[in-house]
Amino acid sequence: MNEVLVFSGSAGSGKGTVLKCIREKDPRFRLSVSMTTRSPRPGEQNGREYYFVSREEFLETLAQDGFLEHTEYCGNLYGTPKKQFFDMIENGFIPVLEIETDGAEQVMQKLSSYTSVFLSPPDYKTLEARLRGRATEKEEEIRSRLRAAREEIFRSERYQYVVLNADGAAEKAADAILEIMKTGKSESDAVVCDRAKFLASFSL
Ligand code: 5GP
């Protein structure tokens with residue numbers, strides 16, 4: 001099995017649910033806990049969701065070459081701590097880097113062996129319904145999030161696999177990803193083969 005999973009997904013893709021399913025099915029998968037300068041949201045714990053640090057601490061770690069990759073996203077810094085990542089591999093775990101596309105590209109350039117998966121809602125209509133369904137935001141905010149999600153989806157071309165997460169099908173998406181990690185391919189229709197057709201469904 002491949003040793004590293006680079007896992008990105010647009011807003012509304014259901015990344016968290018699919019990841020939970022993957023970890024329940026195979027406990028060797030471990031979420032790499034990132035360092036960030038953003039403030040914790042209610043319910044988030046230091047060391048569980050993120051290591052919450054000051055900008056100074058982050059920059060110090062960066063100066064010591066402590067990150068496998070890092071980026072600035074919406075005004076906050078995020079980075080994957082190098083030591084934790086290599087310790088996981090050494091201890092037989094499979095690190096899952098749940099990171100955005102800029103960081104994912106850095107990792108893909110640095111590592112010789114990895115599996116990269118981009119998780120997406122199956123089509124534009126579902127994306128819109130998911131964002132509207134959970135949103136308490138104003139119409140303008142929803143539109144801006146939809147635009148951002150579409151941009152992310154168009155960057156999915158850089159990933160080895162695009163996996164679609166249809167409504168109620170998180171387990172199917174998780175199975176497809178596990179199959180990809182084990183065999184390098186998947187017969188599941190959760191995996192997009194015809195990318196042009198997939199991307200066309202997000203073109204307005
Ligand atoms: P949030 O602030 O909503 O938790 O995360 C914002 C974005 O940053 C998400 O797309 C998330 O996947 C990404 N992210 C989280 N940790 C890292 C990291 O260490 N590096 C990079 N490049 N992106 C990250």
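Tyr-124, Leu-127, Glu-128, Leu-131, Arg-132 and Arg-134 of helix H5 are in contact with Glu-139, Ile-142, Arg-145, Leu-146, Ala-149, Arg-150 and Ile-153 of H6, contact being heavy atoms within 4.5 Å. The model is predicted, so local features need pLDDT of at least 70 and side-chain atom pairs count only at pLDDT 80 or more, while totals for chains, interfaces and linings use all residues. Residues are numbered from 1 along each chain as its sequence is written, and side-chain values use heavy atoms, with hydrogens and water left out. Helices (H or I, at least four residues) and strands (E, at least two) are DSSP runs numbered from the N terminus.

**H5 and H6**
- The contact of H5 with H6 comprises 7 nonpolar, no polar and 6 charged residues; Ala, Val, Leu, Ile, Met, Phe, Trp, Tyr, Cys and Pro count as nonpolar, Asp, Glu, Lys and Arg as charged, and the others, Gly among them, as polar.
- The axes of H5 (residues 124–134) and H6 come within 10 Å and cross at roughly 140°; axes are lines fitted to C-alpha atoms, for helices over the stretch in contact, with angles from 0 to 180 degrees between N-to-C directions.
- H5 and H6 are therefore oblique to each other (under 35 degrees is roughly parallel, over 145 roughly antiparallel, 65 to 115 roughly perpendicular, and the rest oblique).

**H1 and H7**
- The axes of H1 (residues 15–25) and H7 (residues 170–183) come within 8 Å, crossing at roughly 60°, and the two helices are therefore oblique to each other.
- Thr-17, Val-18, Cys-21, Ile-22 and Lys-25 in H1 meet residues of H7 including Ala-170, Ala-174 and Leu-178.

**Largest pocket**
- The largest pocket holds about 1500 Å³ of space; on a 1 Å grid over the protein atoms alone, a pocket is an open set of points where a 1.4 Å probe fits, with protein on both sides within 12 Å along at least five of seven lines, and lining residues have an atom within 4 Å of a point.
- Among its 39 lining residues, Lys-15, Arg-41, Tyr-50, Tyr-73 and Glu-98 are the closest to the centre.
- H1 gives the largest share of the lining, 6 residues.
- The lining divides into 10 nonpolar, 13 polar and 16 charged residues.

**Ser-188**
- Ser-188 lies in the loop between H7 and helix H8 (195–200).
- Apart from neighbours within four places in sequence, Ser-188 contacts Lys-172, Ala-176 and Glu-179.

Notes. Grid points are joined across faces, edges and corners, and a volume is the space filled by probe spheres set on the points.
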